[in-house]
Amino acid sequence: DLRKYNAGELFGEWVEFPTDEEEGEILERLGIKGEYFFTDYEGYDFGEFVTIEQLNDYAQTLEDVSEELFESLLEVETLNGAIERIQQESYIFYEGFTLEEVAVDLMNECYQIPEYLVSYINYERFARDLSFDSYTETAHGVIFLE
């Protein structure tokens, strides 16, 4: 309770997300009647003034994705942007790939290249061009933002 906190009363409770409890139930149990905020967290910092409903929604979204994917998205997006992309499924994640490996895969998937021409393809330059077109190499792989 922000008002009580500013008056010197310190109290709170650890809440695991996602939770089945409604926002009103949690606030009532804690005796919070006004504005509230989060003083401590474990994991990703969503801010002090995020709502319980938002945290629950974020936690449910993150339950279904790998940590590697989420961390890769965070390298190219804000926290809210990463969660939004997950919810809208507006990305492609090539886990464990380098940009050059993605270039090779894309070239093989998209074109029927005769074997005698393969050695003439400059995958490094193609990978560089992909980086100009929403492909980003991250610590855990390559992310493409659609």
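The side chains of R29 and E13 come together in a salt bridge, with 2.5 Å from N to O; the term stands for a side-chain nitrogen of Lys or Arg within 4 Å of a carboxyl oxygen of Asp or Glu. This pair ties distant parts of the chain, since R29 sits in helix α2 and E13 in the loop between α1 (2–6) and α2, 16 residues apart. Helices here are DSSP runs (H or I, at least four residues), numbered from the N terminus. The model is a predicted one, in which local features need pLDDT of at least 70 and side-chain atom pairs count only at pLDDT 80 or more, while totals for chains, interfaces and linings use all residues. Residues are numbered from 1 along each chain as its sequence is written, and side-chain values use heavy atoms, with hydrogens and water left out.

R29 also forms a salt bridge with E21, where the closest N and O atoms are 2.3 Å apart. Across the whole structure, the search finds 4 salt bridges. Among them is the pair R128 and D129, at 2.9 Å from N to O.

Helix α2 (residues 23–30) also holds E23. E23 is buried yet has no salt bridge, and the nearest side chain of opposite charge, R29, is 12 Å away. For charge, Lys and Arg count as positive and Asp and Glu as negative, with His and the chain ends not counted. Leaving aside neighbours within four places in sequence, E23 is in contact (heavy atoms within 4.5 Å) with Y36, T51, I52 and E53.

Helix α3 (residues 52–63) has 12 residues and reaches 16 Å from its first C-alpha to its last, close to the 16 Å expected at 1.5 Å a residue; the expected span is 1.5 Å times one less than the number of residues.

Finally, L117 lies in the loop between α6 (99–110) and α7 (123–131), and is partly exposed at 34% relative accessibility.

Conventions
Helix = DSSP H or I, 4+ residues; strand = E, 2+ residues; numbered from the N terminus. Buried < 20%, exposed > 50% of the residue type's maximum accessible area, 1.4 Å probe, protein only.
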